[in-house]
Amino acid sequence: MVATEFSIISRYFSSLGRGEAVELGVGDDCAILRLGNDQRLATSMDTLVAGVHFPDDAFPEDIGYRAVAVAASDLAAMGASPLGITVALTLPEADEFWLTTFSEGLARAVSEYKLPLIGGDTTKGPLSITVQVFGSLPSKLALLRSGAVAGDKLYVSGTLGDAAGGLAFIQEKWRPQPEHADYMLNRFYRPTARLQLGKSLLDQATAAIDISDGLLADAGHIAAASGVRLDIQSARIPLSEALKSHPDETQARQWALCGGDDYELCFTLPPNLPTPAGCTCIGEVYAGEGVDCDLLVDTASGYRHF
Ligand code: ADP
Ligand code: MG
């Protein structure tokens, strides 16, 4: 059998997480630790590797910003409030220009997301950045992947496919019209963690995840954790003006369904609730399993590390 990121985690690591303070271990966007009677800590870690998660020649300021935003997005997906981050940095060399601009990107994200940098680790080796985020949750509420029920409606925030389109632009696979060029680059290099939205969904959403691996793949995690079937209508998936201007509409929709790195939230709400600002209903929740979509897309959806 081919090993996947998830089969590796479940085979070797997920059984090691039992403990008195562990309210939620491996398998969601963050783990939750109980600290006292009504105090809970949400935490998660994300690594960005040069040449895998960003191009080798990416501008260091973008790398710094993106590393924090990507990690903060998992707090958003839990509805957690930001507390702080630690950063583990592995560097091939101590280049002053690189470190200065990288730290400027970090500084910007740290201030924007109110995530003070409280520690970390610095080592020599191939370039990689790991950010661990810490957030707080109220005593009873959290957005989990596991609460969707038949009858709920499925939503996403923002627009999808932009980061994949931005990456394709960076890789010179297409060239957006000049007025859309900066927007496309920013959607890949400067994703927005939807912390406010996540918090506002705490007492409303039945399930939530952030879209890091592509809508179909991440919606699949909600379906699996909740034990439901999600039906997505591709025509309802929100696309940016920039992506709509792509000459090949099928390619644009493919990016919106399968492209990773958008860091928008995907969540389910009971049918009686209004659509939150900046969000779009893209489908419904049914009894069953998996994710159905009227648009047939290529093979395995989402990014695979192994
Ligand atoms: P996300 O896309 O939200 O960052 P991942 O897909 O990276 O989440 O990880 C899925 C789940 O597996 C998360 O709960 C994460 O904490 C856990 N996980 C990933 N790698 C490991 C590991 N090496 N050991 C233990 N848990 C892990
Ligand atoms: Mg996540």
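Author: What follows covers salt bridges, then a strand. This is a predicted model, where local features need pLDDT of at least 70, side-chain atom pairs count only at pLDDT 80 or more, and totals for chains, interfaces and linings use all residues. Residues are numbered from 1 along each chain as its sequence is written, and side-chain values use heavy atoms, with hydrogens and water left out.

Reader: How many salt bridges in the whole structure?

Author: A search finds 16. A salt bridge here is a side-chain nitrogen of Lys or Arg within 4 Å of a carboxyl oxygen of Asp or Glu.

Reader: What does Arg190 pair with?

Author: Asp62, at 2.8 Å, N to O. Arg190 sits in the loop between α5 and α6 and Asp62 in helix α2, so the pair ties together parts 128 residues apart in sequence. Helices (H or I, at least four residues) and strands (E, at least two) are DSSP runs, numbered from the N terminus.

Reader: Is Arg190 buried or exposed?

Author: Buried, at 18% relative accessible area. Asp62 is buried too, at 12%. Buried means under 20%, exposed over 50%, partly exposed in between (1.4 Å probe, protein chains only).

Reader: And what about Glu249?

Author: Glu249 meets Arg253 at 3.3 Å, N to O. They are 4 residues apart in helix α9, about one helical turn. Glu249 is exposed at 53%; Arg253 is buried at 16%.

Reader: New topic. Which way do the residues of β8 point?

Author: Ala207 and Ile209 go one way, Ala208 and Asp210 the other, and all are buried.

Reader: Which strand pairs with β8?

Author: β10, antiparallel, over 4 bridges. Pairing takes at least two DSSP bridges between the strands. Ala207 stands opposite Thr268.

How values were computed
Chains are lettered from A and ligands numbered from 1 in the order in which they are written.
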